[in-house]
2 protein chains.
Amino acid sequence: MLPKPLQQLQKFFEKFPGIGPRQASRFVFFLSKQPKEYIESFIQSLQSMSTEVKLCSNCNLPGLKKNNLCTICSDSRRDKKTIYVVEKEGDALNLEKTNIHNGVYFVLGKNISPVEKTQSAKEQVKNLVKKLKRETNPEVILALNNTREGNFTAMYIKEMFKENELNNVTLTSLGRGLSTGSELEYADEETLRNALKNRH
Amino acid sequence: MLPKPLQQLQKFFEKFPGIGPRQASRFVFFLSKQPKEYIESFIQSLQSMSTEVKLCSNCNLPGLKKNNLCTICSDSRRDKKTIYVVEKEGDALNLEKTNIHNGVYFVLGKNISPVEKTQSAKEQVKNLVKKLKRETNPEVILALNNTREGNFTAMYIKEMFKENELNNVTLTSLGRGLSTGSELEYADEETLRNALKNRH
């Protein structure tokens, strides 16, 4: 029923994170009703992203090509020796909002899984190790999800640090316990155990 | 934290139907990691949509510009006198999947609301009336959502048909009752009332 150009466009949107065929078709209908100028400036915006943005060589966050580094890594007020290891860019974005730290990030891109192929993430851990070898007394904070995969990734990173004898690195992880607004009655066992262990 | 070109791109995605700032930023991160060729063919696809597609002058569904009408309206095997009035394109897409009818569609674009400004939808009802005046004994099936707004729209259309003395039109609405898989225990009163009335 959809004309060819719209079918092709729908395929692109289906590959977007979290988007299924139904929402992809909604996007296509939305765009097909926009005025020509809207589509043109949308295309313009995609083009400037493609020509002006590249991933930061230091932390993998997107930054301006002409600066080589991202906004955070090129900021002289940032403490380059305190590194927050996160799974994805959105995690860094969320940590930035807390405004309580002044370090830099390192984006793995994906968690390391015991079952899936996650070669690129392992490659990133190697890059992190190389980077840390060059620093004097760096601090690494693992800011990974409290999920099976997040915890497996943390384990893998700790192992790699040991293997590479990174004894100069101070390594910590984000605290575990009750989330804000959570009720004891509904907390799972693991959360309760952590909350007890980390009481203050 | 995001470079300017990505902030601009995020704004575009925030206007997409059903997309908030968080998912918009996820889209932007996803695109910033794609190879240049991917972005180029995505842009290509948007461009062909913009140059090759326009809304069908008969039913408002998107169709190829060179054909003037959409695939359905330009199909000679379709019964042009049986018209399904739907709120949005996705509804037509879903009805097409049932394969049980051979008519054409008429997309309102939006439901008519008693509180919001819905001038464009009322304009579309006028267009529908004009179209029906030209047909001999057309059949109209109101395929609108069973919601307050969908029902208000149906009422408005019926009123307009009366006002314009469209006595030659056979007007029906989609049946109301228990959905497939729904359990009596959880059905709301209105659904039960309809199911009783329309028993067979």
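Colleague: Which residues does Gly63(B) touch, not counting residues up to four places away in sequence?

Modeller: With those near positions left out, the list is Pro3(A), Glu52(B), Val53(B), Lys54(B), Cys56(B), Leu69(B) and Cys70(B). Touching means a contact, that is, heavy atoms within 4.5 Å. This is a predicted model: local features need pLDDT of at least 70, side-chain atom pairs count only at pLDDT 80 or more, and totals for chains, interfaces and linings use all residues. Residues are numbered from 1 along each chain as its sequence is written, chains are lettered from A and ligands numbered from 1 in the order in which they are written, and side-chain values use heavy atoms, with hydrogens and water left out.

Colleague: Why is Gly63(B) called buried?

Modeller: Buried means under 20% relative accessible area (exposed is over 50%, partly exposed in between; 1.4 Å probe, protein chains only). Gly63(B) has 1%, so it counts as buried.

Colleague: Where in chain B is Gly63(B) found?

Modeller: In strand 2, residues 62-64 of chain B. Strands are DSSP runs of E with at least two residues, helices are runs of H or I with at least four, and both are numbered from the N terminus.

Colleague: What about Asn194(B): buried or exposed?

Modeller: Buried, because its relative accessibility is 10%. Asn194(B) sits in helix 7 (residues 189-197) of chain B. Beyond four places in sequence, Asn194(B) touches Asn146(B), Arg176(B) and Gly177(B).

Colleague: How many residues of chain A count as buried, as a percentage?

Modeller: 43% of its 200 residues.

Colleague: What makes two strands of chain A a pair, say strand 3 and strand 5?

Modeller: Two strands pair if DSSP finds at least two bridges between them. Strand 3 (residues 82-86) and strand 5 (residues 139-142) of chain A have four bridges and run parallel. They therefore qualify as a pair.

Colleague: In what order do the strands of the open sheet in chain A lie?

Modeller: The order is 4-3-5-6, four strands with parallel pairing. Strand 4 (104-107) and strand 6 (170-173) of chain A each have a single partner strand, so they are the edges, with one side lacking a neighbour in the sheet. On average, neighbouring strands of this sheet are turned by 25° against each other, direction ignored.

Colleague: How do you know that helix 5 of chain A packs on the sheet?

Modeller: By its contacts: helix 5 (residues 119-134) of chain A touches strand 3, strand 4 and strand 5, and its direction makes about 145° with that of strand 4. Helix 6 (residues 148-163) of chain A also packs there, touching strand 3, strand 5 and strand 6, at about 155° to strand 5. Axes are lines fitted to C-alpha atoms, for helices over the stretch in contact, and angles run from 0 to 180 degrees between N-to-C directions.

Colleague: Which region does UniProt mark as "domain: Toprim" in chain A?

Modeller: The unreviewed entry places that feature at residues 81-179. UniProt positions follow the numbering used here, feature names are shortened, and annotations may be inferred rather than shown by experiment. In the model, this span is 42% helix and 17% strand, and its end C-alpha atoms lie 28 Å apart.

Colleague: What is the pattern of chain A along the sequence, and why is chain A called more spread out than a compact globule?

Modeller: The pattern is α-α-α-β-β-β-α-β-α-β-α-β-α. The radius of gyration is 21 Å, well over the 16 Å that the globule rule gives for 200 residues, so chain A is more spread out than a compact globule. The radius is taken over C-alpha atoms, and the rule is 2.2 Å times the number of residues to the power 0.38. The C-alpha trace spans about 60 × 50 × 35 Å along its principal axes.

Colleague: What rotation superposes chain A on chain B?

Modeller: 180°, with 0.0 Å of shift along the axis and an RMSD of 0.1 Å. That is the relation of a two-fold axis. In chain A, the C-alpha nearest the axis belongs to Ile43(A), at 3.1 Å. The superposition is by least squares on C-alpha atoms of residues with pLDDT of at least 70 in both copies.

Colleague: How do you know that the copies meet through the same surface?

Modeller: 100% of the interface residues of chain A are also interface residues in chain B, so the surface is the same.
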